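Trainee: Please pick one part of this model and go through it closely, from one end to the other. I would like to see how it sits against its surroundings.

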Amino acid sequence: MLSSPSAPIRILVVDDHSLFRRGLTALLSREPQFEVIGDAADAGQAQRRAQELQPDVILLDNHLPGVNGVDALPALREAAPQARILMLTVSEDERDLAAALRGGACGYLLKTIEGDHLAAAIERAMRGESIVADEMTGKLVAAYRDAASAPGHDTPAQEAAAATPFDALSPRELEILRGIAHGASNKEIGRNLGIAETTVKNHVQQVLRKLNVSSRVHAAVIATEGGLT
């Protein structure tokens, strides 16, 4: 567990449906490791609340009145730079998914998610991991491949791969990247390779830096497109 009862993960819930906000707040409040410190019904209110409260995690719906969640990401990241932003939405559109990850969201979850899985996703986000709903993983890869086939258009993954090819990675970093591509957590990668989880975390940071990407998801796409898996 990440937090002790004296230092819970502080969460801001952003959704335009008041019933959903109340339900989600009640659900998360049952867990001692979480504290819902506020909520917001639109992007403008979310930005103000984020700047005021400085949450650890922002759960952000995409379908908001006025400015949608994806378009609100830059302002939210500026308002609360340390916050991890998890999209929590009904949209299964791969374009929304790709835009959210490009915009700086650390994860993309669907509102059909079970409560215990949501709790685990929040904790993983706080560990610096990127999380994408299982139902959306295939769509993410498809979206990047479709973009790759468009004339004159390079995906962020392609650009990163071209700038820093796999030969920039050490043998150990290649093993770490393969683990990321298979969806393994830092703990699972460490167990498989016989190294400490903290060592894996350091390697992951180096892999992301060398590939010039900001999330594990983008790194996994690069590995898949490059045939590393």
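Mentor: A helix here is a DSSP run of H or I with at least four residues, and helices are numbered from the N terminus. The model is predicted. I will take helix 2, which spans residues 43-53.

At its N-terminal end, helix 2 is capped by Asp42, which places a side-chain oxygen 3.2 Å from the backbone nitrogen of Gly44. Within the helix, Ala43, Ala46, Ala50 and Leu53 are buried. These four lie on the same side of helix 2 because they cover an arc of only 105° around the axis. In an α-helix there are 3.6 residues a turn, so residues three or four places apart point the same way. Arg48, Gln51 and Glu52 are exposed, on the face turned away from the buried side. After the helix comes Gln54, with a positive phi near 50°.

The buried residues of helix 2 pack against strand 1 (9-14), strand 2 (34-40), strand 3 (57-60) and helix 3 (69-79). Two of these partners, strand 3 and helix 3, are joined by the loop that holds Asp61. Asp61 has a relative accessible area of 3% and is therefore buried. Its side chain meets that of Lys111 in a salt bridge (3.5 Å, N to O). Lys111 lies in the loop between strand 5 and helix 5, so this pair ties together parts 50 residues apart in sequence.

Technical notes:
Residues are numbered from 1 along each chain as its sequence is written. This is a predicted model: local features need pLDDT of at least 70, side-chain atom pairs count only at pLDDT 80 or more; totals for chains, interfaces and linings use all residues. Side-chain values use heavy atoms; hydrogens and water are left out. Buried means under 20% relative accessible area, exposed over 50%, partly exposed in between (1.4 Å probe, protein chains only). Helices (H or I, at least four residues) and strands (E, at least two) are DSSP runs, numbered from the N terminus. The arc is that of the directions from the helix axis to the C-beta atoms. Contact means heavy atoms within 4.5 Å. A polar contact is a pair of N or O atoms within 3.5 Å; within protein, one must be able to donate a hydrogen and the other to accept it, and residues adjacent in sequence count only if both atoms are side-chain atoms. A salt bridge is a side-chain nitrogen of Lys or Arg within 4 Å of a carboxyl oxygen of Asp or Glu.
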